[in-house]
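Thanks for coming. I will take one structure and go through it part by part, so please keep it in view.

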Amino acid sequence: MRVGAELLKAEGLVRRYAMRRGMFGRSVELRAVDGVSLTIERGRTLGLVGESGCGKSTTGRLVLGMETPDAGSVAFDGRPVPPPGTAAWRALRARMQMVFQDPLGALDRRLPIGVQVAEPLDIHGIGARSERAARVESLLLAVGLRADQGARYPHELSGGQRQRAVLARALATDPALLVCDEPISALDVSIQAQVMNLLVDLQERFGMGMLFVSHDLRAVRQVSHRVAVMYLGRIVEEGEPDAVLQDPAHPYARALVAAIPHPGRSGRRTVLQGDPPNPADRPSGCAFHPRCPVASARCTQDAPTLKRRPDGRMIACHVAQGDAAPGRGVLAEAA
Ligand SMILES: Nc1ncnc2c1ncn2[C@@H]1O[C@H](COP(=O)(O)OP(=O)(O)OP(=O)(O)O)[C@@H](O)[C@H]1O
Ligand SMILES: [Mg+2]
């Protein structure tokens, strides 16, 4: 298994949902994910960031095959992910695990955590029964819990300890891929850094590829080898985290970076103008154009595609790609 080799490849993923407008309104189509392609490498982390509702969690579910895309494909280890619910998919699920935001919700309150860490081993028939206790113990130790804490129930642990227990359970089957959806946002700020460091340590030790979903760019930078910025169902910029954070190219990525609070930096932070996006009412052309400070006439009509720059950065923006002169922004022009 070579670190950096391709583990998962998603191409052109589309996921639509039917949504009622108002209580008695007609059903309209909402495109939660609208043409997402991404690659996750072995032993490496792809960070996925963007505002609430931009389609991050949906992308995570599509990648794991928990939902079937309306278009596009996902290949794991070079083979298509089988349809959800089939025996082949269940077997594959041992190799792809998910960690969610809320550890308490992810755990069964009625069972000690040691039993829950052992569960995936039972389900997938991994190892002899006699070896399981030792395996559970080593997993608990790997995530920084004590072996005796395996006897505790979820409510007898702190939030950080619970998320460690969830990680131990996710790692029980030795997965090649871990999808972490906002794994730290329910935790206390002081605990967040510990869990982030733990994720980095665990990746070094277990070598899994990760998709790390978060709205927190700084958290993404800490754990990711690449970062993809999503806006309204599409990836608008992708590159190395340090490069994207230091020199974001897409106007939306710039706004996200500018909005990061810096201790000691006073003054106003740049805040995105315009309404938050609505996936059921996607603007024409570039979906970001109504809020973009540099949108030009072309941006209102023509949707930019994600293109690779010579330095490897991927950007979907006519202005940043040099295909349109910067305008003054649609709001400014309308005023
Ligand atoms: N099962 C569903 N049925 C209908 N609409 C859905 C469903 N799941 C998600 N959506 C919609 O799809 C869009 C994308 O949702 P998603 O949960 O992927 O966003 P997200 O980026 O993870 O947001 P957050 O940061 O708030 O978790 C949203 O507008 C959401 O309301
Ligand atoms: Mg989400």
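Start with helix 4 and helix 5, where Gly114, Val117, Ala118 and Leu121 of helix 4 meet Arg132, Arg135, Val136, Leu139 and Leu140 of helix 5. In this contact six residues are nonpolar, one is polar and two are charged. For those classes, Ala, Val, Leu, Ile, Met, Phe, Trp, Tyr, Cys and Pro count as nonpolar, Asp, Glu, Lys and Arg as charged, and the others, Gly among them, as polar. Contact means that two C-beta atoms, placed from the backbone, lie within 7 Å. Helices (H or I, at least four residues) and strands (E, at least two) are DSSP runs, numbered from the N terminus.

Before going on, note that this is a predicted model, in which local features need pLDDT of at least 70 and side-chain atom pairs count only at pLDDT 80 or more, while totals for chains, interfaces and linings use all residues. Residues are numbered from 1 along each chain as its sequence is written, and chains are lettered from A and ligands numbered from 1 in the order in which they are written.

Back to the two helices. Axes here are lines fitted to C-alpha atoms, for helices over the stretch in contact, and angles run from 0 to 180 degrees between N-to-C directions.

One open sheet has eight strands in the order 6-7-8-3-9-10-12-11, with mixed pairing. Strand 6 (96-99) and strand 11 (307-308) are at the edges with a single partner strand each, so one side of each has no neighbour in the sheet. Two strands count as paired if DSSP finds at least two bridges between them. In general, strands of a sheet pair through backbone hydrogen bonds, either parallel or antiparallel.

Within this sheet, strand 7 (residues 177-181) pairs with strand 8 (residues 209-213) in the parallel sense over five bridges. Val179 has Leu211 in strand 8 as its bridge partner.

Strand 9 runs parallel to strand 3, joined by four bridges, and Leu48 stands opposite Ala228. With strand 10, strand 9 runs antiparallel, over five bridges. Tyr231 has Arg234 in strand 10 as its bridge partner. The hairpin of strand 9 and strand 10 has two residues between the strands, and Leu232 takes a positive phi near 45° there.

Helix 10 (residues 251-258) has Pro251, Tyr252, Ala253, Ala255 and Leu256 as its buried residues. These pack against strand 3 (45-49), helix 8 (217-223), strand 9 (226-231), strand 10 (234-239) and helix 9 (241-246).

One loop residue is worth a stop. Ala176 is in the loop between helix 6 (159-171) and strand 7. Is Ala176 buried or exposed? It counts as buried, because it has 22 C-beta neighbours inside 10 Å. Leaving aside neighbours within four places in sequence, Ala176 is in contact with Leu7, Arg42, Arg95, Met208 and Gly209.

The other sheet to show is open and antiparallel, with four strands in the order 2-1-4-5. Its edge strands are strand 2 and strand 5 (79-80), each pairing on one side only. Strand 1 and strand 2 run antiparallel and are joined by twelve bridges. They form a hairpin with six residues between them, where Gly22 in the turn has a positive phi of about 75°. Helix 1 lies across strand 1, strand 2 and strand 4, at about 125° to strand 1.

Last, ligand 1. Of the 14 residues around ligand 1, Tyr17, Ala32, Ser52, Ser57 and Thr58 come nearest; a residue is near a molecule or strand if its C-beta atom, placed from the backbone, lies within 6 Å of it. Which element gives the largest share of this shell? Helix 1 does, with three residues. By class, the shell around ligand 1 has six nonpolar, seven polar and one charged.

Technical notes. Buried ≥ 20, exposed ≤ 12 C-beta atoms within 10 Å, placed from the backbone.
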